[in-house]
Amino acid sequence: MIDENGPHYFVSFQTPGPKWVQGVKYNEQPDFPDHVGYMTELQESGRTVLSGPFMEKVGGLSGVLEDGGMTIFKASDLDEATKISADDPSVKSGMLNVVVKMIWVPFHS
């Protein structure tokens, strides 16, 4: 059933930025711990719906990670969502670039 008044969420697509170290895995990038800390704060505050890296092969950290990921989170509007994404320390440092898009969810459980 289509929910014409379904919720809106914001998707932050994270890709390598100008300070990304080529040839170094995502979880071994110099600013990765700061990124994880920030994502943990968002999760604990209830802002994050889901978040993680893109994968080439399944298996979590034993799999093969791609260079980048995404986060789906809650915000009041696109401006707030963009600020939340830009406040990630790994974005501020230049390790990651972000593009934020709003999604309307007419199909959900």
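These are my notebook entries on a predicted model of one protein chain.

**Ground rules**

I number residues from 1 along each chain as its sequence is written, and I leave out hydrogens and water, using heavy atoms for side-chain values. Because this is a predicted model, I ask for pLDDT of at least 70 for local features and 80 or more for side-chain atom pairs, while totals for chains, interfaces and linings use all residues.

**Entry 1: the fold**

I started with secondary structure, taking helices (H or I, at least four residues) and strands (E, at least two) as DSSP runs numbered from the N terminus. I found 3 helices and 4 strands. Reading from the N terminus, I get the order β-α-β-β-α-α-β.

**Entry 2: size and packing**

Along the principal axes, the C-alpha atoms fill a box of roughly 45 × 30 × 25 Å.

Next I checked contacts (heavy atoms within 4.5 Å). Of those between residues at least 6 apart in sequence, 70% join residues at least 24 apart.

**Entry 3: inside and surface**

I sorted residues by relative accessible area: buried is under 20%, exposed is over 50%, and partly exposed is in between (1.4 Å probe, protein chains only). Buried residues come to 32% of the 109 in the chain. For the surface I used accessible area by the Shrake-Rupley method with a 1.4 Å probe. The chain exposes about 6900 Å², and carbon and sulfur atoms supply 56% of that.

**Entry 4: salt bridges**

Side chains of opposite charge can pair when their charged atoms come close. My cut-off for a salt bridge was a side-chain nitrogen of Lys or Arg within 4 Å of a carboxyl oxygen of Asp or Glu. How many salt bridges does the structure hold? I have 2 in my list.

One joins Glu80 to Arg47, with 2.6 Å between the closest N and O atoms. Glu80 sits in helix H2 (residues 78–86) and Arg47 in the loop between helix H1 (32–44) and strand S2 (48–57), so this pair ties together parts 33 residues apart in sequence. Glu80 is partly exposed at 26% relative accessibility, and Arg47 is partly exposed at 25%.

I also noted Lys83 with Asp87, at 2.7 Å from N to O. Here Lys83 is exposed, at 52%, whereas Asp87 is partly exposed, at 26%.
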